[in-house]
Amino acid sequence: MIKHLPIFIVLAPLLGAVFAALTSWYRPKLSFPVVLSGLFISFLSSFCLIFKLLNSESGIIHYQLGGWGDKGEYGIVGIQITVDYLNSLILTAVTIISLLTAIFSSQSVNRELAGQQRYFFALFSLLVTGLLGITITGDIFNLYVFMEIAALSSYALIAYGKGRSYMASFNYLIMGTMGACLYLLGVGFVFVKTGTLNIENLSLLIPQTLQASQAVFVGFVLIIVGAWAKMAFFPMHGWLPNAYTYAPTASGALLAPLATKVSVYAMIRIMITVYSIDYVLKSPNIQTAALLLSSISILVGSFFSLTQTNLRKIACYFIVSEIGYMVGGAWLANDPGLKGAVYHIIADAAMTSALFMVIGCILFRTGQVELKKLDGLFYKMPITFIALVITMAALIGVPPTCGFFSKFYLIQGAAQAGTWHFAGALLISSLIKAVILFRIIEIGYNKVPNPAKEGNKTIPRDEAPLSMLIPTLIVTLSLIALGIFTDTLITDFIAKALPEIPAP
Amino acid sequence: MEDIIPKFNYIVVVVLMMTGLWSMLAQGNLIKKCIGMAIFQTGIILFFISIGAKNDALIPILTEGANHTFDNPNIDKVTNPLTQILMLTAIVVGVATLGVGLALAQKVYQQHDSFDEDEILNNQTK
């Protein structure tokens, strides 16, 4: 049983999706508990796996699908599932956030998508399957398949939003398919030269014997560009803001924190495991371009967020700028930069999740999130408002929260690599987020005079229901907890996950 | 001519992929974008099949008359089965994506009575 733990992480939500779709014919109300239990099993398995990993000596757990295995001189045959320090962290983050989002979304789905809950939750579970699959797989073609499973279900989840969401979803589909196809083409180039698709086999072959191969290099570029299109990296970010803004609340809350971050993980996995840091450092042109693009991405995301009036769209442009942080950090290709990038995947998943959950709470009660209509929000929904302020503080990078530490590592990395434009972009984006925070405080707290002092005039308290508020608070408090336990996270997991990087 | 014939597959692949990519990115019509997507995927499928193919090679199934066994395969005389299996999966993914894309395009058409991107944008901002 314990031997088969890794496969349960992917299998549980997959079966959850299938059973949710099937049982719904018999009794539609059953689909939500079925999906929830699937996600819970997945969460438990990933949690147990972390302990198993900490106790194991090699720091890596392999699982062969269908009992195929190491065939000696033929290398590894069949699809392999690999869990190491890097992806065990991300697996846990994905399972926790998807579980909390499922609890969070039950009420809003009942209201927004009445009568369609069963299909929605089946797709929800399928999307989580795809994301977990991308994270756990040890095979680059399998990664493509899971990427498309996640992408196809997310197109449908976004299109549930009606109205403009159809067009937004269509644009995402075109961009996402292009990214996936480029990735597949890159896999083809790698396969021509190596004859294997297993990440472990590739990591033995490419850095040692195929350093100079042109085909492998083209494959590298294609895979990276494909991953960039999937994660909405500048200049391929156009689809993201509309897609996530017009999606239903629940889809937005699930997609925004997870979909793009998992693509970033896939990119980092290709960079550090399949190709090795040496390889990245030996292609300085791409490194310079990637760093420049990430700086532009950060600035574009931040400046566009300043021009928006809808809180949800602001949050979407934040994602564009946060993607720049992670890609930039990874491409700095030095120790603090990579640590910051991997840490920021976790931190940003939590921050974006908290932000979209808070927005979901406000949407649930007021029906809109236009900035200028949020006046007096503090008196109406005090807990939600405080959660929003904490989340924004984390996004800015105020010390006890996790946002500070990731930025600390990223700026340290930028300084070590001498990439000052990246450090500058990070600081400017922090400042812009601070401007937006103060705008929110101004509108939500100061614009309406304190009703307690006015005496006769009171604004009735109208918090979101507990099933939405509790997940929101858990994620918001986790931002501070992540910040406090940064040291454990970095030394026990992230430092072990990264390969040794040659000192400059 | 001798340069072109051995690489003919790859030239077709490049032409197909560029046609598809251009159609996906530069065309304003949603259905043409979907068609471009399908062409792009076909190009990639052809690429994978081409890299697995060999001259005079047969299907990778052991038959009575074959002069090789499982433990001692005559690799020159069988095509690489892995690329073909990979492409089976990729075809399924491509069909599913095309289906979702066409369904979305149909929904957009119901809303705006048009497949043209500019017209839809005008409708949305009105």
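Analyst: Let's begin with what touching means: two residues are in contact if their C-beta atoms, placed from the backbone, lie within 7 Å. Keep in mind that this is a predicted model, where local features need pLDDT of at least 70 and side-chain atom pairs count only at pLDDT 80 or more, while totals for chains, interfaces and linings use all residues. Residues are numbered from 1 along each chain as its sequence is written, and chains are lettered from A and ligands numbered from 1 in the order in which they are written.

Helices here are DSSP runs of H or I with at least four residues, strands are runs of E with at least two, and both are numbered from the N terminus.

Start with a pair of helices. In chain A, α3 (residues 85–112) packs with α20 (residues 466–484), their axes 7 Å apart and at an angle of about 150°. (An axis is a line fitted to C-alpha atoms, for helices over the stretch in contact, and the angle between N-to-C directions runs from 0 to 180 degrees.) That is why α3(A) and α20(A) are roughly antiparallel to each other. The cut-offs are under 35 degrees for roughly parallel, over 145 for roughly antiparallel, 65 to 115 for roughly perpendicular, and oblique for the rest. The crossing of α3(A) past α20(A) is left-handed, a label used when the near helix is turned anticlockwise from the far one by less than a right angle; clockwise would be right-handed.

Who meets whom? From α3(A) come A:Leu100, A:Ile103, A:Phe104, A:Ser106 and A:Gln107, and from α20(A) come A:Ser467, A:Met468, A:Pro471, A:Thr472, A:Ile474 and A:Val475. Sorted by class, this contact has seven nonpolar, four polar and no charged residues. Nonpolar covers Ala, Val, Leu, Ile, Met, Phe, Trp, Tyr, Cys and Pro, charged covers Asp, Glu, Lys and Arg, and the others, Gly among them, are polar.

Now hop over to helix α7 (residues 199–209) of chain A, where A:Ile199, A:Leu202 and A:Ile206 are buried. They span an arc of only 50° around the axis, so they sit on the same side of α7(A). (The arc is that of the directions from the helix axis to the C-beta atoms.) Buried means 20 or more other C-beta atoms within 10 Å of a residue's own, exposed means 12 or fewer, and partly exposed is in between, with C-beta atoms placed from the backbone. The buried residues of α7(A) pack against β2 (80–84), α5 (140–159), α6 (165–194), α8 (214–230) and α10 (249–274) of chain A. On the face turned away from that buried side, α7(A) carries the exposed A:Gln208 and A:Thr209.

Most residues other than glycine have a negative phi, and most peptide bonds are trans. A:Phe234 and A:Pro235 are joined by a cis peptide bond, with omega about 0°. A:Pro235 is in the loop between α8 and α9 (239–246) of chain A, and A:Ala232 lies in the loop between α8 and α9 as well. A:Ala232 isn't a glycine, yet its phi is positive, near 60°. With 27 other C-beta atoms within 10 Å, A:Ala232 is buried. A:Ser276, also not a glycine, has a positive phi of about 70°. A:Ser276 belongs to helix α11 (residues 276–281) of chain A, and its 18 C-beta neighbours inside 10 Å make it partly exposed.
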